[in-house]
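Please look over the sequence and the 3D structure before reading on. The briefing below then goes through selected features, grouped by topic.

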Amino acid sequence: MISPKLVEVGRHLNINIITNSEIKTVEGEPGNFTVTLSNHPRYIDPVKCTGCGECAKHCPVTAVNRYNKGLDDRRATFIEYPQAVPLAFGIDTDTCIGCGLCENVCIARAIQYDETERESRVTVGSIILAPGSMGYDPSKLDFWGYGKYANVLTSEEFERILSASGPYFGHLSRPLDREEPKKIAWIQCVGSRDTNRCGNGYCSSVCCMYAIKEAMIAKEHAHGELDCAIFNMDIRSFGKDYEKYYLRAKDKDGVRFLKARIHTITEIPETGDLQVWYIDETGQRQDEIFSMVVLSVGLQIPENVADVARNLGVELNKYRFVETGPFTPVETSRPGIFTCGVFQGPKDIPSSVTEASAAACLAGADLAVSRGMDTPTVQVTEQQDVSGESPRIGVFVCNCGINIGGIVDVPAVQNYSATLPNVVYTDQNLFTCSQDTQDKIKEKIIEHKLNRVVVASCSPKTHEQMFMETLEACGLNRYLFEMANIRNQNSWIHSKTPAIATQKAKDLVRMAVARASTLRPLAEKVISVNKQALVIGGGVAGMNAALGLAKQAFRVFLLEKETELGGLSRKLHHTIEGGDIQAYLKQLVADVRKNELIDVVTGARVTNFSGYKGNFKTDVVAGPANTKLTIEHGVIIVATGANEYIPTEYLYGQDPRVVTQLQLGDRLEEIGVSDLSTVVMIQCVGSRNSTNENCSRICCQNAIKNALIIKKADPAIQVYILYRDIRTYGLMEDYYTEARNLGVIFIRFDETNPPEVKSTPEGLIVSVTDHILRMPLEIQTELLALSAGVTAADTGSLCGIMKFNRNPEGFFIEAHVKLRPVDMPGDGIFLCGTAHAPKLISETIAQAQAAASRATTFLSKSEIKLSAITAKVDTEHCVKCLTCVRSCPFGVPVFNTEKQIIEIDEATCHGCGVCAAICPRRTIQLSFYEDDQLNCKIDALLAGGM
Amino acid sequence: MRLDYPANVKIIRVPCTGKVDVLHLMRAIQRGADGVYVVGCLEGSCHYKEGNLRARERVMHVQQLLQEIGLEGDRVRMYNLSSGEGPTFAAYAREMTEHIKALGPNPLKKWATA
């Protein structure tokens with residue numbers, strides 16, 4: 001997944017990659033910094049190195065492969081991993097014996113033994129710190145047996161074991177004897193949530209999900225039954241749709257989840273198996289034998305990384321993460337220096353990618369005045385005319401490590417493809433998407449005069465564009481390209497039946513080759529971009545997105561359906577860190593209102609929508625007088641927000657003593673706590689149940705926030721929180737610890753045995769079975785706060801008009817969960833805030849800034865290329881029956897009364913193909929999906945027999 | 001998601017199910033496919049407004065045509081799901097496969113010309 005990103009960064013004209021270097025000093029101010037770097041010697045010139053690997057092949061020295069976490073060896077001349085960018089080797093001088101062999105074999109003359117440490121300077125306007133983190137080193141804690149027993153691994157090591165490019169080539173085996181394990185235990189919170197010996201009080205946020213993922217993948221890789229057990233305190237599957245994955249692992253794939261902290265692991269010397277000792281929930285001492293133990297190590301900022309930040313004058317918190325504010329999530333204490341990713345706080349990939357865009361937004365705002373001044377221009381390779389030539393097809397079959405090659409017989413597929421019509425060249429690659437393979441493809445296109453290319457690998461959704469660019473770079477039209485998806489649609493889903501998967505791969509390649517023969521070069525129309533933006537939703541997300549764009553000097557129309565800006569945040573008081581939300585909101589509204597580039601439209605309702613990326617047109621009815629206005633804009637940011645679930649459970653609405661957390665927040669603000677002696681809270685109301693499987697992410701911290709306010713106001717008040725898993729991820733774990741220290745009582749209940757609430761004149765009686773005492777308890781209380789989940793805003797009519805995709809829960813779907821978390825599937829449309837999924841206010845702000853940044857990538861261009869996939873009319877044979885005019889859902893085909901022909905505007909054509917399918921004379925063809933280009937696939941498929 | 005579904009299902013990509021022509025469906029049956037199904041967006045949430053509704057009509061039309069010539073109309077079907085519903089996709093693939101297995105091979109297969 002990261003490979004296309006690496007390639008994209010590597011080939012981006014405006015990204016200058018400086019590897020093997022460290023920041024020494026930063027001088028200057030926002031907009032004009034001078035950064036002094038120390039460039040460590042690599043001993044191989046990355047410009048000359050072709051990445052051929054001859055040096056490593058001849059190197060006689062064996063060194064520990066740190067990339068594979070020391071589980072295998074590499075040479076002293078090495079490259080970290082095959083997809084590395086830049087693809088250049090280096091020499092590890094700690095192990096190099098200076099024999100000179102590599103210099104002798106290097107044809108490119110790239111070896112430079114005498115290279116020394118250098119110093120260099122760059123001038124920049126903004127700085128983003130994204131040094132990432134390292135896994136916790138568990139060898140300091142002897143009771144885990146790590147470093148002592150071969151089969152106790154960290155999750156990072158296990159990740160390498162599962163990897164196709166890892167030490168065991170993706171075969172599930174344990175280090176001691178390379179046997180396939182039958183039983184694996186994961187131990188959670190190693191180096192996280194532990195103030196006892198390791199000192200990391202925070203939750204690392206990602207370990208629950210990666211442990212579940214590792215268990216699921218291990219089960220897939222196993223040849224027989226594999227028993228996976230995850231020992232945990234709480235399962236924290238709080239991300240979008242993560243709960244569904246957890247449920248699948250638990251209920252369908254049989255991953256066992258045990259609530260226990262392990263106190264000791266011992267090895268059984270005869271077998272290398274591991275005995276895991278723990279106390280179960282009934283208080284009984286238990287032990288179980290596993291063939292392998294994986295320690296789910298937390299994320300930690302290394303001391304040397306922290307030192308770099310401190311040198312720059314960037315403040316860090318006690319856990320060495322960057323100190324940021326709840327309303328300024330990616331800003332460091334030094335103006336002009338921003339941060340993102342785990343250095344900001346523990347987080348997963350989608351949040352890191354989102355934050356990265358947010359940091360880019362703020363960094364870009366400081367540079368807005370000088371945009372485009374220091375950027376190179378694109379060199380366009382002239383296209384060769386292949387129209388007269390008969391097809392010469394090259395087929396590149398991908399192994400995708402062992403993702404494909406481990407299941408499908410790739411050599412057989414390659415040989416088979418060579419027998420297909422018009423195929424003149426075939427090849428197979430370890431990773432077809434890697435930078436070196438792109439160069440190889442270009443070489444082969446030229447060498448064999450290929451005029452069509454087929455790549456049999458993964459999904460065109462993620463990789464088609466990249467391969468098309470490769471074609472373009474050597475003068476071949478990008479539409480002379482076809483993919484056969486032999487991974488996602490084949491090896492991944494037929495992994496249990498390799499012979500069938502190989503046959504299907506051949507079928508898919510045959511279909512792709514047949515289609516490739518029919519492909520024709522297509523021209524893409526270039527259009528101008530309207531530099532205005534439309535932001536839908538005037539809450540914290542929408543306002544931050546609008547400000548983000550305005551700071552980049554773009555005009556914004558901000559639509560709000562209510563009469564006032566603010567959205568749900570108007571009902572919120574403080575963040576868990578103590579940030580004053582109302583003060584923030586007041587300032588934010590004022591900033592938006594006074595910004596000359598932002599037009600706020602309140603009481604707004606979208607009535608009509610048309611256009612395409614770069615040139616949208618939206619009709620809006622606004623205000624008490626139903627004023628009509630039409631907005632022309634180049635991009636859209638959707639920030640429609642969410643609501644608190646209105647409970648039907650636990651006597652809510654029937655007894656006034658039952659309130660939601662938001663109502664409790666109001667009460668604490670308005671009345672205080674003086675009349676209270678006991679407060680009970682129930683978690684997961686309207687979340688993690690059969691109607692809404694998802695976790696609402698924010699309710700655990702919300703409950704703890706309110707509990708802390710109560711306890712701090714009056715420690716004598718008893719506060720009970722009835723929960724299923726406490727999900728105070730990241731640094732919020734400290735507040736959970738604080739709440740426990742202050743005497744808040746946490747009682748875990750099972751989903752199948754939820755609490756019951758009775759209303760009596762003396763008070764509410766809440767009955768629950770205590771998980772430690774294993775006895776039913778009755779708590780009498782005068783106030784019951786329900787942690788009601790988050791429900792999506794009602795966007796039915798908006799989506800009816802604007803055609804946005806929502807998931808079954810009503811939240812908008814992003815283009816790619818990890819790679820494009822703030823993009824919507826439609827070009828030029830972006831997404832932020834709780835309209836995407838439940839999230840905290842700080843996360844909402846980061847995502848809004850990210851959406852503004854992504855929108856800026858669009859608005860900063862003066863023109864964009866349109867898709868060439870549009871409908872074309874053969875006016876000579878058209879009988880002007882007007883069926884297309886009547887059928888087009890967008891009203892694109894028109895009858896030109898003057899010329900007496902049907903015209904289809906390629907800028908407004910959406911390329912759906914409805915007209916092509918309905919034309920009774922078949923005089924309309926959709927480019928790239930012409931009838932022949934589909935029929936040949938049907939024919940090729942069925943030619944093989946089914 | 002790597003959800004398992006039967007290998008006899010092969011996918012032909014179209015920009016929208018509204019692009020799927022009666023002729024494409026008939027051609028597949030004529031060439032010996034045992035079954036063909038069209039998978040579109042949920043009704044009411046077509047990315048291109050109404051392509052999936054047109055596809056449904058065309059599928060129904062093909063079903064009628066097949067019945068008229070003595071074949072089971074049900075060899076051609078329409079399914080709808082959202083792009084976020086991988087498990088449903090796999091379930092439909094299994095359902096269609098089971099259904100076609102119950103119907104037996106396409107009788108046109110022996111005459112099918114590749």
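Two strands are said to pair if DSSP finds at least two bridges between them, where strands (E, at least two residues) and helices (H or I, at least four residues) are DSSP runs, numbered from the N terminus. This is a predicted model, in which local features need pLDDT of at least 70 and side-chain atom pairs count only at pLDDT 80 or more, while totals for chains, interfaces and linings use all residues. Residues are numbered from 1 along each chain as its sequence is written, and chains are lettered from A and ligands numbered from 1 in the order in which they are written.

**A parallel sheet in chain A**

- Val395(A) stands opposite Thr426(A) in strand 21 of chain A, and six bridges join strand 20 (residues 393-398) to strand 21 of chain A, the two running parallel.
- Helix 9 (residues 410-418) of chain A lies across strand 20, strand 21 and strand 22 (452-457), running at about 170° to strand 21 of chain A; such angles run from 0 to 180 degrees between N-to-C directions, with axes that are lines fitted to C-alpha atoms, for helices over the stretch in contact.
- Helix 11 (residues 460-473) of chain A packs on the sheet, touching strand 22 and strand 23, and its direction makes about 145° with that of strand 23 of chain A; here two residues are in contact if their C-beta atoms, placed from the backbone, lie within 7 Å.
- The open sheet is formed by four strands of chain A in the order 21-20-22-23, with parallel pairing.
- Strand 21 (423-429) and strand 23 (481-485) of chain A each have a single partner strand, so one side of each is left without a neighbour in the sheet.

**Helix 17 of chain A**

- Twelve of the 15 residues of helix 17 of chain A are buried, so the helix is largely enclosed by the rest of the structure; a residue counts as buried if 20 or more other C-beta atoms lie within 10 Å of its own, as exposed if 12 or fewer do, and as partly exposed in between, with C-beta atoms placed from the backbone.
- The buried residues of helix 17 pack against several elements of chain A, including helix 16 (661-670) and strand 35 (718-723).

- Most residues other than glycine have a negative phi, and most peptide bonds are trans.
- Arg193(A), although not a glycine, has a positive phi of about 50°, and Arg193(A) is buried, with 24 other C-beta atoms within 10 Å.
- The peptide bond from Val85(A) to Pro86(A) is cis, with omega near -5°.
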